[in-house]
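Subject: Structure handover

Hello,

Here is the structure you are taking over. Please open it first, then read my notes below.

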Amino acid sequence: MSNKLCERKIFISSTIHNLQEERSAVYERLHHPFNCVKFNPISSDRPETLHMSGDDLETRAGYNPNLFILNQVKYADYYMILLNDEYYGEINILDHGAVGKQERVISITHAEFRAAFRHAQPIFAFIDQDTWYRYLITLGGRLSFYKRNKEGRVYGLIREIRRYRKGLNMTITTYSATADLVDKMEHIFNTYDKSKYVFSEFDEEVCNSGDTITAIWEVVNEGCVVWKDRFFKEQNTSLRRFIRESGKALIRPKKDISFQTRLITFIRKWFQYAGIIIRGRKSTAEKTCYPIDETYPGERARLTVRYTAPQSAGEIVSTWVMVDSTGRKIYRNLVPLEAEYFVERTN
């Protein structure tokens, strides 16, 4: 473990009286760093961990403790929820942000999860194994038999967690006992690897042949592992990118452009992709691979690329992904860094 520690705040959410043993074990483990990250827990049953800003004190003074606790979620970097089906919680929170068929009056634990999702925080859900089996057997709580929780609201929360799962931003794990919970938590946090795009700067979108263009990106290490022996690599023949581009061209609103034109654009994109596969694309970047300096959790990695506009006119798209020392793409579910510019032929 490195001597360089990054401090992160993590919100611990659950019903309290039926999960007291699990919560105590989680707090005990959080006293020790994970890899090179030290977690500072935030929880309603630990008043000393709560954030006290002017707005928070005003909310507290207004005798609405649930809204005060719910407001604490935004101060966390990570969100962790513990679930079993013994108790859902008191139904006393009106969720004004609920959409569609979502329940509007929910428990504070359920409201905390929705707040973390709206803040786009990394979410770690730990679900009791027996609860998970009952959830599967009852088809997500839709069948009335073999349910411990007569309300079925816990199963509804689990359905919501699974439905909102977004790539690397949410982790769902089951545990069989308190010791297993601690082991699973330790493994997940010691290996959690996440990148987040935070900044970009691009010289111009339209240029002339021979012009030099500079593009800059910054990404932050939001995980718990140190980035070592990693590179930014240009990857312009990505099938995923062409599916995304052609899909956008096809499903534009009808008011924007006619379907016939959209269909022609869709076909043109795929002919373009076929041409790149057959002929290859000569990069206009100064280099096609840039090493990444050793980056600790919480630190930023910067990619600066200089392009020379080619002699031929047309659209140039350059995408960059993070790879390891073997060239293997690390974040397969993330949209790559992308620069796009149009070259006007010079006379």
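Contact, in these notes, means heavy atoms within 4.5 Å. Helices (H or I, at least four residues) and strands (E, at least two) are DSSP runs, numbered from the N terminus.

Some background first. This is a predicted model, where local features need pLDDT of at least 70, side-chain atom pairs count only at pLDDT 80 or more, and totals for chains, interfaces and linings use all residues. Residues are numbered from 1 along each chain as its sequence is written, and side-chain values use heavy atoms, with hydrogens and water left out.

**Helix pairs**

Start with H1 (residues 20–30) and H7 (residues 178–191). Glu21, Glu22, Ala25, Val26 and Arg29 of H1 meet Thr178, Leu181, Val182, Met185 and Glu186 of H7. That contact has five nonpolar, one polar and four charged residues. Here Ala, Val, Leu, Ile, Met, Phe, Trp, Tyr, Cys and Pro count as nonpolar, Asp, Glu, Lys and Arg as charged, and the others, Gly among them, as polar.

The angle between H1 and H7 is about 40 degrees, and their axes are 10 Å apart. Axes are lines fitted to C-alpha atoms, for helices over the stretch in contact, and angles run from 0 to 180 degrees between N-to-C directions. H1 and H7 are therefore oblique to each other. The classes are: under 35 degrees roughly parallel, over 145 roughly antiparallel, 65 to 115 roughly perpendicular, and the rest oblique.

Next, H5 (residues 129–137) packs on H6 at about 85 degrees, with the axes 11 Å apart. So H5 and H6 are roughly perpendicular. Thr131, Trp132, Arg134, Tyr135 and Leu136 in H5 touch Val154, Tyr155, Ile158, Arg159 and Arg162 in H6. Six of the residues in this contact are nonpolar, one is polar and three are charged.

H6 also packs with H4 (residues 108–118), at an angle of about 5 degrees and with axes 11 Å apart. That makes H4 roughly parallel to H6. His110, Phe113 and Arg114 of H4 meet Leu157, Glu160 and Ile161 of H6. By class, there are three nonpolar, one polar and two charged residues.

Grid points are joined across faces, edges and corners, and a volume is the space filled by probe spheres set on the points.

The whole structure has three cavities of 30 Å³ or more. The largest cavity holds about 50 Å³. Its lining includes Ser14, Tyr87, Val154 and Leu157. Strand S3 (78–83) and helix H6 (153–163) are the elements that give it two or more residues. The lining has six nonpolar, five polar and no charged residues.

The largest pocket holds about 580 Å³. It has 30 lining residues, with Lys194, Ser195, Lys196, Tyr197 and Leu334 nearest its centre. Strands S8 (195–202), S10 (212–221) and S14 (314–323) each supply at least two lining residues. By class, the pocket lining has 17 nonpolar, six polar and seven charged residues.

Best wishes

Note on methods: On a 1 Å grid over the protein atoms alone, a cavity is a set of points where a 1.4 Å probe fits but cannot get out, and a pocket is an open set with protein on both sides within 12 Å along at least five of seven lines; lining residues have an atom within 4 Å of a point.
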